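Thanks for coming, everyone. Please have a look at the screen.

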Amino acid sequence: MATFPRKRPRSIRARTTAGSVVAAAVILAFAIAATSLLTRAVIEREQTFEAGEAAREVAVDIQKQRFEGEIRARAGVIRIQVVSPDGEVLASSRAAPTTEALTGSVPRRANGPVGDVVCDADPVGCLTVVGYESADSAYGDVLVYAAVPRSELLAGPLLEFALIGLGVAVLASVGGIAWWQVGRTLRPVEEVRSGLERITASNPDKRLQVPGTGDEIAALARTANETLRRLDTALDRQRGFASDASHELRNPITGLRTRLEVELADPEGGDPVDTLRGALDDTLRLERIVADLLALARLDADAAAAAEPVDLGDLAAAEAGRRDGSLRVDSSVERGTYVYGNRSQLTRLLVNLLANAERHAAGRVLVGVAREGGEDGDGGHDDPREGQAVLRVHDDGNGIPGHDRERIFDRFARLEESRRRDPGGTGLGLAISRETARAMGGTLEAGDSDVLGGAVLTLRLPLYRGGGRGGDRDRR
């Protein structure tokens with residue numbers, strides 16, 4: 001069966017206005033129907049009551065005596081008749097006919113009224129007639145009829161036309177107000193849209209004007225500005241990263257090319273083994289740089305990595321025990337300090353921190369792991385919202401100057417001492433470590449060591465809720 005797409009206005013303003021008008025039309029339709037029925041019932045009741053009261057008064061009057069001449073008309077009641085059971089008009093008001101009864105209807109029960117609607121060519125139009133029986137009156141057993149002109153609202157659809165006209169006016173007002181109000185509400189949205197349209201890659205520093213309404217649209221503009229700020233920062237970071245990466249890659253590539261060109265220019269003049277060894281060193285440096293760049297790219301892209309509970313204390317103690325350099329590497333860890341993350345990334349983070357400490361230490365490195373905050377009543381640390389796993393790597397070197405403690409985490413940033421002690425480094429280890437910490441919801445900061453007197457790098461990660469409560473401390 002073929003289906004056809006539903007056509008509807010594309011504009012939010014038009015859709016909202018149309019929806020408001022349709023909803024109001026449905027409500028008004030029920031209101032008009034109810035008002036029409038109720039109004040007709042009320043008018044009918046009032047006219048019937050008015051005519052009935054006049055008929056009852058005449059019925060009471062003729063119990064005592066006959067009318068001399070015409071029956072005096074009552075206010076609003078233009079026709080009154082006293083009629084015999086066989087239809088003869090015995091007395092009437094001036095406007096009532098004297099030859100025939102107003103209606104041939106008779107009461108169905110004793111002392112009950114009769115109601116009828118009579119329409120003829122008379123200029124008065126339709127009449128609402130009410131009659132009562134009057135037994136043993138001065139005229140004998142008779143019927144008393146009283147008639148009032150039937151309201152024009154009951155005689156035709158005038159009432160409905162009036163209500164429909166009023167409803168159309170109300171719908172027009174609703175539509176106009178909805179159109180104006182929605183347009184006024186969406187005006188800041190249009191300003192946000194046009195502002196975003198003006199922002200391009202060539203001018204990413206522009207920001208949207210936040211409306212002073214304090215509503216959801218203002219919150220949208222603030223969120224958009226924050227997103228633009230992050231995008232601007234990411235663009236700056238990307239441009240700087242591309243520039244630094246090209247610079248760092250150029251050096252080993254240039255060295256490798258120079259070695260090969262020299263060897264090709266004079267194959268007999270040099271030692272091929274030395275050339276190949278130098279080329280291998282340059283290749284290894286390129287490999288390290290590319291591996292670090294890939295690790296950073298994965299962290300920047302927030303690539304999903306297998307996460308699991310990891311005992312940071314055990315991991316740090318095991319990694320410290322593997323160091324086989326000339327420096328002394330000690331550990332003081334609190335086992336059972338669980339964090340939730342990728343084990344291989346945490347291992348690489350620890351290796352980077354230890355390598356950095358060994359590069360600058362004079363003779364000793366100390367690794368410490370402890371739990372801080374979030375303790376429950378019996379010494380546990382199960383609430384990651386409060387507790388933290390803290391890893392500190394101390395060294396007894398010269399320390400890090402205060403103004404360089406943030407710069408060392410920049411990509412490809414290397415201080416003079418680092419270049420002197422490790423000329424082949426990439427300058428990406430600490431940047432990778434900080435990005436890894438952030439990806440796991442933690443922080444990595446540099447400071448002065450109050451234990452060994454050199455520098456200390458402090459890693460803080462949220463405690464894992466399901467971690468053990470072991471509190472024993474292993475010292476090496």
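E319 is buried, because its relative accessible area is 9%. Buried here means under 20% relative accessible area, exposed means over 50%, and partly exposed lies in between, with a 1.4 Å probe and protein chains only. This is a predicted model: local features need pLDDT of at least 70, side-chain atom pairs count only at pLDDT 80 or more, and totals for chains, interfaces and linings use all residues. Residues are numbered from 1 along each chain as its sequence is written, and side-chain values use heavy atoms, with hydrogens and water left out.

Which residue does E319 pair with? It forms a salt bridge with R322, with the closest N and O atoms 2.9 Å apart. A salt bridge is a side-chain nitrogen of Lys or Arg within 4 Å of a carboxyl oxygen of Asp or Glu. Both residues sit in helix α6 (residues 312-322), three residues apart, about one turn of the helix. Helices (H or I, at least four residues) and strands (E, at least two) are DSSP runs, numbered from the N terminus. R322 counts as exposed, at 56% relative accessibility.

Next, the strands. R392 and E372 meet through their side chains in a salt bridge, 3.2 Å from N to O. R392 is in strand β10 (residues 388-395) and E372 in strand β9 (residues 364-372), so this pair ties together parts 20 residues apart in sequence. R392 is partly exposed at 25% relative accessibility. E372 is partly exposed too, at 29%. Back to E319: salt bridges with shared partners join E319, R322, R323 and E358 into one network.

Now a longer link. R150 and E44 form a salt bridge at 2.8 Å, N to O. R150 lies in the loop between β5 (140-149) and α2 (152-155), E44 in helix α1 (residues 12-61), and the two are 106 residues apart. R150 is buried at 17% relative accessibility, while E44 is partly exposed at 26%. In total, the structure holds 18 salt bridges.

Last, the helix contact. α6 packs against helix α7 (residues 343-360) at an angle of about 50 degrees, with the axes 10 Å apart. Contact means heavy atoms within 4.5 Å. On the α6 side, L315, A316, E319 and A320 make the contact; on the α7 side, R343, L346, T347, L350, V351 and L354 do.

Notes. Axes are lines fitted to C-alpha atoms, for helices over the stretch in contact, and angles run from 0 to 180 degrees between N-to-C directions.
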